[in-house]
Amino acid sequence: MHPFLSAVIGGILIGFSVVLLMFLSGRIAGISGIVGGLLPPKLADDWRLRLAFIAGLLLSPLILKAIAGFNGIGAPTVGFAILIPAGFLIGAGSALGNGCTSGHGICGLARLSPRSAVATVTFMAAAVVTVFVMRHVI
Amino acid sequence: MSEILVGLISGFIFGLGLCLSGLADPSVVQSFLDIAGAWNPALLFVMGAGLTVTLTGYRLVFGRGRPLWSPRFNLPTSTAIDTPLISGAVIFGVGWGLAGYCPGPALVSLASGRMEVFVFVAAMVTGMIAVRWMRASPAALPTGLGQS
């Protein structure tokens, strides 16, 4: 499959899932928010829904692989020395900014939230600058 | 029971979308972000398609007045464009650029069984817990970061 076609199908599925969750349970499908509600200091009341969502997310590549023979998962491009601080940053940043690529970039933009628009433009710009520095400056 | 079913199904479809989108491949993500290099626009198609479906779908869903299996919509109430929002987005963006993983794709990539991904997710969860603890006791935060 052409990567652009697969990207469009992927985007449609993500959008469908986001709409389905809102239609059925009235909730935002933001991954960092869903995970955050399962973490200390306070477990969210709707932890069953959150845990089930994560379980579905974790199962999907395994089932896709079993049926279609691929799952689109690529290898890391950097070593532990970068992965560990980067992991900490996306965790801390998404918790502080109340959202990540899904919560702000899809759900928030689709609700026409100015907060999410600012967050999305900001994290995109920060990521572009970071990659520019990594690949073209250092 | 319906809660678990809703979570499983929507999480599963979301994960399938991530697998097909290219977002679970850090080299695709980083080449999308590398606008000064061999730019790969594929993720624009993900965002375009995802936003089109969500914009249309949300409009229909909100038009109903309430969700099917819940008494009301549970939406963010904050509208402030404040320091936590901006600084959080900058921190998140730097991490995203460095590794090429955002939270959903990182979780999906656990299926590869790679030690690097498990360590990345552990670091991500640690970062989330650290900020959640600080926000639960705002005295520990620099001025302005405790709100919202």
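This is a predicted model: local features need pLDDT of at least 70, side-chain atom pairs count only at pLDDT 80 or more; totals for chains, interfaces and linings use all residues.

Residues are numbered from 1 along each chain as its sequence is written, while chains are lettered from A and ligands numbered from 1 in the order in which they are written.

**Stop 1: chain B**

The chain B average is 93, and 93% of the residues score at least 70. For the model, ipTM is 0.98 and pTM is 0.95.

Switch to cartoon: chain B shows six helices and zero strands, with helices (H or I, at least four residues) and strands (E, at least two) taken as DSSP runs numbered from the N terminus. Its C-alpha atoms fill a box of roughly 45 × 40 × 30 Å along the principal axes. Of its 148 residues, 47% are buried, meaning that 20 or more other C-beta atoms, placed from the backbone, lie within 10 Å of the residue's own.

**Stop 2: where chain B touches chain A**

Now show both chains. How many residues does each chain bring to the contact? Chain B brings 103 and chain A brings 98, a contact being two residues whose C-beta atoms, placed from the backbone, lie within 7 Å. On the chain B side, H1(B) gives the most, with 18 residues. Colour that side by class and you get 65 nonpolar, 31 polar and seven charged residues. Here Ala, Val, Leu, Ile, Met, Phe, Trp, Tyr, Cys and Pro are nonpolar, Asp, Glu, Lys and Arg charged, and the others, Gly among them, polar.

**Stop 3: helix H3 of chain A**

Select residues 47-68 of chain A. This is H3(A), with 22 residues, reaching 31 Å from first C-alpha to last, close to the 32 Å expected at 1.5 Å a residue; the expected span is 1.5 Å times one less than the number of residues.

Zoom in on Leu59(A), where H3(A) has a kink of about 30° shortly before the proline Pro61(A). That bend is the angle between axes fitted to the seven residues ending there and the seven starting there.

Next, show side chains: the buried residues of H3(A) include Phe53(A), Leu57(A), Pro61(A) and Leu64(A). Their cover includes H1 and H2 of chain A, together with H1 and H5 of chain B.

Note on methods: A residue is buried if 20 or more other C-beta atoms lie within 10 Å of its own, exposed if 12 or fewer, and partly exposed in between; C-beta atoms are placed from the backbone. pLDDT is the predictor's confidence in each residue, from 0 to 100.
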